[in-house]
Protein chains: 2
Amino acid sequence: MSHKQFIPPKRTLMGPGPSDVSVRVLHAMARPTIGHLDPQFIMLMDEIKGLLQYAFKTNNALTLPVSAPGSAGMETCFVNLVEPGEKVIVCVNGVFGKRMVENVERCGAIPVIVQDEWGAAVSVDKVEVALKENPDAAVLAFVHAETSTGVISDAEALAALARNKNCLTLVDAVTSLGGVELDVDGWGIDAIYSGTQKCLSAAPGISPVSFSEKAVQKIQKRKFPVQSWFMDLNLVMGYWGSNAKRAYHHTAPVNALYGFHESLLVLKEEGLDAAWTRHNYHHEALKVGLEALGLELTVDEACRAPQLNAVRVPEGVDEAAVRTYLLNTFNLEIGAGLGALAGKVWRIGLMGQSACRENVVLCLEALDSALNNQGYPHKAGAGVAAAESFYEQ
Amino acid sequence: MSHKQFIPPKRTLMGPGPSDVSVRVLHAMARPTIGHLDPQFIMLMDEIKGLLQYAFKTNNALTLPVSAPGSAGMETCFVNLVEPGEKVIVCVNGVFGKRMVENVERCGAIPVIVQDEWGAAVSVDKVEVALKENPDAAVLAFVHAETSTGVISDAEALAALARNKNCLTLVDAVTSLGGVELDVDGWGIDAIYSGTQKCLSAAPGISPVSFSEKAVQKIQKRKFPVQSWFMDLNLVMGYWGSNAKRAYHHTAPVNALYGFHESLLVLKEEGLDAAWTRHNYHHEALKVGLEALGLELTVDEACRAPQLNAVRVPEGVDEAAVRTYLLNTFNLEIGAGLGALAGKVWRIGLMGQSACRENVVLCLEALDSALNNQGYPHKAGAGVAAAESFYEQ
């Protein structure tokens with residue numbers, strides 16, 4: 001094999017993540033590496049913590065970026081919060097709820113599964129019943145925005161139910177953070193994890209997490225040691241915690257954190273509310289465009305995640321061929337279906353920097369061309385026209 | 001707190017890592033992010049695997065970068081290779097050997113500790129005895145180059161002993177890979193992990209690992225599931241393995257891998273042997289310079305790691321004040337002692353791009369100035385002069 005420099009193509013990223021990373025964030029990652037115990041880096045850590053508290057809407061002292069992708073953020077929450085033998089109510093309505101169940105099992109704990117359809121929201125009623133039937137449940141875990149289906153569940157209502165039963169709440173906010181309303185303190189969420197490569201538009205590889213005071217107390221009083229050394233927050237707190245001595249635990253991913261910091265700065269400059277509004281606005285434009293093309297969103301309007309649009313693949317259209325065509329002809333990435341939805345839907349992301357007019361128009365133009373290429377009957381040009389007219393309102 | 005862009009100072013990194021990251025690698029990280037399932041990215045993954053096999057000197061099919069720092073690479077090796085109840089012989093002669101013991105315990109396995117002095121190599125004789133006394137030991141684990149002390153152990157001899165007893169070998173090569181001779185296949189190592197921020201001079205955040213066929217068989221035949229979902233190689237193999245379907249497991253840290261790939265390319269271009277020779281050459285220059293300043297390396301010449309030089313802090317000199325002075329006056333980072341050596345040594349790294357004449361001369365000049373600042377009697381200018389004369393030979 002001959003080895004040479006890798007010059008990636010310039011794609012437009014409208015899959016389920018990563019989303020488009022801005023030049024500002026890319027440049028930040030290219031700044032000179034400094035030591036992870038350098039006083040300047042410690043300052044940066046404080047800045048990141050403050051900005052993350054803003055993004056999560058929390059005052060939690062234990063708010064930090066885990067030095068690994070979202071799945072490791074998920075595992076960090078479970079291995080710290082859950083002890084062997086405990087009962088955990090897990091809501092499953094897609095891939096990531098299922099992954100939560102696997103995490104619970106690997107902690108030696110007992111999952112109580114609340115199952116909903118793929119593409120439906122978590123049923124608040126079913127969770128209420130499950131909490132009643134399992135008064136000994138230590139944790140309620142659910143996904144706020146299911147990346148596999150594009151569904152938002154009512155995190156506020158679910159967290160309130162758990163709080164009433166003295167049960168901790170553990171939430172997946174990988175796809176929701178920065179894209180839709182999320183209020184960690186206001187809703188009383190005890191443990192939450194997210195990713196950088198969705199609505200924050202940083203490069204993938206970091207997982208922001210936050211833990212309430214109640215969660216920290218449970219972690220500090222554990223009977224069994226945390227099974228993971230790398231993810232043990234009792235150790236990580238010495239480096240990232242509030243009164244931390246910045247004791248060496250592991251070497252932080254310095255340049256990735258430069259980029260992550262810059263992405264949080266971009267969010268702060270725009271403002272959380274403005275970011276949520278923007279995601280919804282471009283979702284509306286995409287929706288009218290897709291409908292004008294004769295394409296259909298699969299998720300009920302009431303629980304649709306604006307930042308991740310699951311679109312039904314029309315009868316007779318080759319799902320994978322369309323994605324390949326978009327990539328090769330338009331340098332445009334959209335996502336395939338996952339799990340139960342594989343082959344049945346495309347997932348079109350409007351996350352972070354990708355939630356903009358240029359992307360919406362490009363995507364509608366490219367889908368139009370792809371449907372044409374597939375010989376699928378549709379009104380050529382109608383998608384872009386509908387979106388443009390939405391924008392000109 | 002007012003939030004603003006973070007512009008790091010330009011440091012010279014001669015601590016225990018991160019080492020200086022070249023502009024080539026920094027620029028690579030700033031290239032446009034593409035999807036982790038993009039065909040172009042899959043091509044990059046193949047390239048990285050090939051280059052990593054070169055760096056490790058192995059044909060192991062299961063050779064890949066774990067999407068998290070070296071400590072997660074360590075944990076990936078232990079949680080996959082070790083089952084609850086098994087016996088693991090762990091050689092402890094510094095911080096990272098101790099961390100291995102904690103990993104073994106958290107796997108529910110039984111560590112058999114072979115203890116050596118901090119600053120001494122792992123005793124081959126003691127390991128031979130331990131293997132004889134524990135014929136049921138499943139794994140022998142040791143650190144090739146102890147980052148906390150700057151000691152190299154005889155990995156070849158240790159691996160040979162284990163192989164004779166049908167015991168698998170698990171090696172920490174965080175500080176050794178790319179800096180000193182390492183031959184995974186030639187020495188018969190079964191599981192190995194490293195870091196990117198030492199002799200490879202990439203940014204921190206990734207941990208390259210490699211597993212022999214025997215190790216893979218043990219992992220595939222496990223009685224108990226791997227306790228970590230994120231690190232379970234049975235799942236990761238679907239994305240990174242030899243005949244992998246590139247099934248989604250987690251979102252790879254795309255831009256960090258651009259940088260890592262570039263650093264492996266730099267190594268390949270120089271050549272492994274040339275890189276090892278260069279590390280030793282600049283170590284020799286640093287050594288004569290330090291000696292001319294009246295400073296002393298603490299590790300026996302026979303087991304000294306050229307890329308990490310532990311230097312005794314002279315009586316009456318304020319260890320931390322010197323490091324702060326170097327950072328503030330020369331933008332130069334060197335490392336403190338860790339654990340048993342805290343306050344007693346400095347650790348001067350000559351790793352990867354940091355192993356160069358400019359850095360050696362700067363470090364000697366800066367230490368000269370710092371000793372002067374501390375009022376410590378020494379021959380001013382003698383360090384730089386000795387190193388320059390070594391280079392001019």
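Predicted model: local features only at pLDDT ≥ 70, side-chain atom pairs only at ≥ 80, totals over all residues.
Mentor: Residues are numbered from 1 along each chain as its sequence is written, and chains are lettered from A and ligands numbered from 1 in the order in which they are written.

Trainee: What angle do helix α11 and helix α14 of chain A make?

Mentor: Helix α11 (residues 272-292) and helix α14 (residues 382-392) of chain A pack at about 150°, their axes being 7 Å apart. Angles run from 0 to 180 degrees between N-to-C directions, with axes as lines fitted to C-alpha atoms, for helices over the stretch in contact.

Trainee: What makes residues of α11(A) and α14(A) count as meeting?

Mentor: Contact requires C-beta atoms, placed from the backbone, to lie within 7 Å. Among the residues that meet are Leu286(A) and Val288(A) in α11(A), and Val384(A) and Phe390(A) in α14(A). By class, this contact has 12 nonpolar, two polar and one charged residues; Ala, Val, Leu, Ile, Met, Phe, Trp, Tyr, Cys and Pro count as nonpolar, Asp, Glu, Lys and Arg as charged, and the others, Gly among them, as polar.

Trainee: How do you know that β12 and β13 of chain B pair?

Mentor: Pairing needs at least two bridges found by DSSP, and two bridges join β12 (residues 332-336) to β13 (residues 345-349) of chain B, so these antiparallel strands meet the criterion. Within β13(B), Arg347(B) is the bridge partner of Gly335(B).

Trainee: Why are β1 and β11 of chain B called edge strands?

Mentor: In the open sheet of four strands, ordered β1-β12-β13-β11 (chain B) with mixed pairing, β1 (12-14) and β11 (308-312) each pair on one side only. The twist averages 35° from one strand to the next.

Trainee: How many residues does each chain give to the contact of chain B with chain A?

Mentor: Chain B gives 66 residues and chain A gives 66, and on the side of chain B, α10(B) gives the most, with eight residues.

Definitions and conventions
Contact = placed C-beta atoms within 7 Å.
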